[in-house]
Amino acid sequence: MSRGVIQPSQQKLAEKLTILNDRGIGMLTRVYNIKKACGDPKAKPSYLVDKNLESAVKFIVRKFPAVETRNNNQQLAQLQKEKSEILKNLALYYFTFVDVMEFKDHVCELLNTIDACQVFFDITVNFDLTKNYLDLVVTYTTLMTILSRIEERKAIIGLYNYAHEMTHGASDREYPRLGQMIVDYENPLKKLMEEFVPHGKSLSDALISLQMVYPRRNLSADQWRNAQLLSLISAPSTMLNPAQSDTMPCEYLSLDAMEKWIVFGFILCHAVLNSDAAALSLWKLALQSSTCLCLFRDEVFHIHKAAEDLFVNIRGYNKRINDIRECKEQALGSMHRERRKFLRSALKELATVLADQPGLLGPKALFVFMALSFARDEIIWLLRHADNIQKKSTDDFIDKHIAELIFYMEELRAHVRKYGPVMQRYYVQYLSGFDAVVLNELVQNLSVCPEDESIIMSSFVNTMTSLSVKQVEDGEVFDFRGLRLDWFRLQAYTSVSKASLGIADHKELGKMMNTIIFHTKMVDSLVEMLVETSDLSIFCFYSRAFEKMFQQCLELPSQSRHSICFPLLCTHFMSCTHELCPEERHHIGDRSLSLCNMFLDEMAKQARNLITDICTEQCTLSDQLLPKHCAKTISQAVNKKSKKATGKKGEPEREKPGVESMRKNRLLVTNLDKLHTALSELCFSINYVPNLAVWEHTFTPREYLTSHLEIRFTKSIVGMTMYNQATQEIAKPSELLTSVRAYMTVLQSIENYVTIDITRVFNNVLLQQTQHLDSHGEPTITSLYTNWYLETLLRQVSNGHIAYFPAMKAFVNLPTENELTFNAEEYSDISEMRSLSELLGPYGMKFLSESLMWHISSQVAELKKLVVENMEVLTQMRTSFDKPEHMAALFKKLTCERAVLKRMTIIGVILSFRSLAQEALRDSVWFQVAMNVYELSSAAGLPCEIDPALVVALSSQKSENISPEEEYKIACLLMVFVAVSLPTLASNVMSQYSPAIEGHCNNIHCLAKAINQIAAALFTIHKGSIEDRLKEFLALASSSLLKIGQETDKMTTRNRESVYLLLDMESPFLTMDLLESCFPYVLLRNAYHAVYKQSISANA
């Protein structure tokens, strides 16, 4: 074998192209990150912005790439101090540039080898070889272009080298070549044009082979429509036929990639534009398609300006410059706008048919990947141009329906992932039953087949023949990467000149193998195929445009159903990372997480706002059904019967509730209809996927909605109380309950749109509302209503503006000079208290009860102080109740007897209010279970002879300085004090008993409850006999009251009979026999007779 002969198998073209293309993308990623870091003041290396190093940096850049350290000590003195830090911190940047230089060397070497081998390129035959060759050329060109855009590259390289020289006494060994490369590639395209002169033949051949592919891919929407492109149902008879093509991999080849090949390729080998009409045609078509190309991520290349600047200095290129200018004028966005419009309907049809018949994914897989590739190209075109073009026609660069196209792409991707096994079954059978047979025949018919090529092709046939459906059913993992690499190698072997088996002469073999490669990818590389044809990770680098598209999507009701595509796009972001730049993974991962979180949060907020608006409308409708609104209707009906004039003529009749549901025309759309439509659209999006994984995090869209509904429901409930601290106004419990029920009805209907557990929302929110504060530390309806009833209603009772009417079981306003701002009866009658208990529940009512008990305990504490002040007198009175004269003398020594009665009355009022609340709780739907423990029974509203809550409240008052015996004595004397003070009530004009309300206007009828409950609680605490103490109280009270009968002063005895009635108290501890022995019932009967007679005469 001659040493001069180039052996293609030894050149390893396939392996080198694969490795260099991958490394090229890695280098691009690193150089891109350096450019972005240098462009960001926060991320830029500190040495480039350090004022102390400013003069040194300017000096280094001015002298670059020369190194002068001896005569410039003054300028470089600061550099000497920081040399070790500079070496450490700039090493990553410097050696990245060194890596770029090494990459360039390897590329140049490979390009020379390819030229020497005279490789045949045809995208339709040796697809992998041609594609990888063109990709390498574009990657190399792009890398050098982006490198030249790093303005600080000379400063970074120079700083590092100076620091290296100061440390080691010599420049870095790579510096001379690296410095020269940086200088040479100041104008990268100009340098590359010179560099590619010897490679022109290979490159132009590869590019011209696109003439069968690129024009066919770059058609107008009308041409697509006429050809019924991507339609499965246009020809029903061929629906089950496999989608075939002689150029299978070219069908879904990215248009964006082809345009980069053509534009950069023909700039580098521009001479062919003057000699080859096919080349010129491709060049013009590409220039008309776009005005800028994507170099890498968000770095773009403005085609027309760059090409014109390059060609303007070349003699005889005026015609080419005119071509560029003409194409620039024709490069309008209308063609792309129409394409997106077509693709929206085409992808929708495709996704719908495949959802119904997933089995078609087998024969029509090519259509799916074509659709994804076409749509991806148009989306990236729009993204790139909208961000980089001075817009002439904004309509072409703003697409409010872009979300719909992305959504259908995601739907197709989901079908492929879901029904992957269906596709595997189909293509495993296809490979073994058809492809293997056809390939075997082709191989057999080859006139010449060298041994190496024969072995490889035989292995292809054997691999395919051995496949079976059982492998799919058993879940076996397929891996055809070896087969595909062997085919790539075979392309390289058979594409060099003078190959024994030349692929140029056996194009059928190439086309057949390209089809087989596609079929193998359908079995083992579906995920990689999805990334290749539909990866939209570029959105990661267009955050502002991405967010703007999302906002436009939410603002347009018809598009909001597609808004889920934006969080789904965040799952693509990690696919743009590269192993050569691992440090950016966290940055991109965090960006994907923050964007996904923001999108889902905004979607949930939008849905929450719509739900809130619907709730507001429903609450308004529900409010119309409240009893207070029927008064006018009843009044009109009564007046109509009595034929009275009902007001001005022509006054519009008030609409009755329910009118809004009567439709004369189905085209009439109300605001509520619009809200429901918008909500159903948005909820479709939220409910589209149960969860989505982004960078090892799982997001659940429905949980975002649930969380927002909980927060809004909580705020709404508190807001609907309409509590105003300044004016002390608050909504009636019944009205709030009606609003809450209307709100809950709407929230329950959400389950029709989204699969969420709304009961969980109710439980979380309503249970929190039964506590004093919610989980965020905010006041709840329990605290608001407790505060209002204690500080507003019961305080006005204490002030004498409101009285408790036992007959009505409600508190009622009394006529006073200053009218109250609220009607107490409307907040305290049975229906309102039941509504309150239903809203607050047992826990909330328990809190209300505890708050009431705290007020009672503070009153008892004050009473005890009064008892201590009068202890000596009360002790004597306790044993002298049968000595009238002595009692009269002792009574005059008492102080604050009216205050004692006032405080006991307040206690009675509070206990009366509490009994109303407890009775309402008993009737409420909250209480369904019988309880036998008395504390629980009390909490549930069941009456107890001894109130446990009151016992707990009073027992907490025990003083450490007073002995238990002393405490017990104070408790006994308190009963004495109340008993001997009762006669003073007779002189009070407000003590008049009213039969209509079955009580007194000054609320002294509440004393009986106070005496019973306080006695029971105090003597339970002190382990005394409740019955004995109440007997003692009865004896003292009856003695004191009977003494009034002997008084002659009319003022003192004016309400004597009304006060007598206080002894007619129901007590679980006393009997009527005991009362009879102390105070004859005949006196009570006479008292009742007198007060009723007095009431009748007063009314008359």
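This is a predicted model: local features need pLDDT of at least 70, side-chain atom pairs count only at pLDDT 80 or more; totals for chains, interfaces and linings use all residues.
**Hairpins**

I started with the turn between strand 1 and strand 2, which form a hairpin with 2 residues between them. Arg-297, in that turn, has a positive phi of about 55°. The two strands, residues 292-296 and residues 299-302, run antiparallel and are joined by 4 bridges. For my own bookkeeping, strands pair if DSSP finds at least two bridges between them. Helices (H or I, at least four residues) and strands (E, at least two) are DSSP runs, numbered from the N terminus.

Residues are numbered from 1 along each chain as its sequence is written, and side-chain values use heavy atoms, with hydrogens and water left out.

Next I turned to strand 5 (residues 802-805) and strand 6 (residues 810-813), an antiparallel pair with 4 bridges. Their hairpin has 4 residues between the strands, and Lys-809 takes a positive phi near 50° there. Going along the pair, I found Ile-802 opposite Asn-813 and Ala-803 opposite Val-812. Is strand 5 covered on one face or on both? Both faces are covered: Ile-802 and Tyr-804 on one side, Ala-803 and Phe-805 on the other, are all buried. I use buried for under 20% relative accessible area, exposed for over 50% and partly exposed for in between (1.4 Å probe, protein chains only).

I then went through the loops. Phe-64 and Pro-65 are joined by a cis peptide bond, with omega about 10°. Pro-65 lies in the loop between helix 3 (54-63) and helix 4 (73-81).

Lys-498 is not a glycine, yet I read a positive phi of about 60° for it. Lys-498 sits in the loop between helix 25 (481-495) and helix 26, and it counts as exposed because its relative accessibility is 84%. Glu-696 also has a positive phi, near 60°, in a residue other than glycine. Its place is the loop between strand 3 (692-694) and strand 4 (697-699). Why does Glu-696 count as exposed? Its relative accessibility is 78%.

**Cavities**

How many cavities of 30 Å³ or more does the structure hold? I noted 6 of them. A cavity here is a set of points on a 1 Å grid over the protein atoms alone where a 1.4 Å probe fits but cannot get out; lining residues have an atom within 4 Å of a point. Grid points are joined across faces, edges and corners, and a volume is the space filled by probe spheres set on the points.

The largest cavity has a volume of about 60 Å³. Its lining is made of Phe-127, Asp-128, Pro-249, Tyr-252, Trp-487, Asn-514, Ile-517, Phe-518 and Lys-521. Helix 6 (127-148) and helix 26 (507-524) are the elements that give two or more residues to this lining. Helix 26 gives the most, with 4 residues. By class I have 6 nonpolar, 1 polar and 2 charged residues in the lining. The classes are Ala, Val, Leu, Ile, Met, Phe, Trp, Tyr, Cys and Pro as nonpolar, Asp, Glu, Lys and Arg as charged, and the others, Gly among them, as polar.

Phe-460 is in helix 23 (residues 451-465) and counts as buried because its relative accessibility is 1%. Leaving out residues up to four places away in sequence, I found that Phe-460 touches Leu-439, Leu-483, Asp-486, Trp-487, Leu-490 and Met-513. Contact means heavy atoms within 4.5 Å.

Ser-254 is in the loop between helix 13 (248-251) and helix 14 (255-268). With 12% relative accessibility, Ser-254 is buried too. Its contacts, not counting residues up to four places away in sequence, are Arg-217, Ser-373, Arg-376 and Asp-377.

**Cysteines**

With a disulfide taken as a pair of cysteine sulfur atoms within 2.5 Å, the count comes to 0. For Cys-269, the nearest cysteine sulfur is that of Cys-108, 16 Å away. Cys-269 is buried, at 7% relative accessible area. For Cys-565, the nearest cysteine sulfur is that of Cys-553, 6.0 Å away. Cys-565 counts as buried as well, at 0% relative accessibility.

Methods
On a 1 Å grid over the protein atoms alone, a cavity is a set of points where a 1.4 Å probe fits but cannot get out, and a pocket is an open set with protein on both sides within 12 Å along at least five of seven lines; lining residues have an atom within 4 Å of a point.
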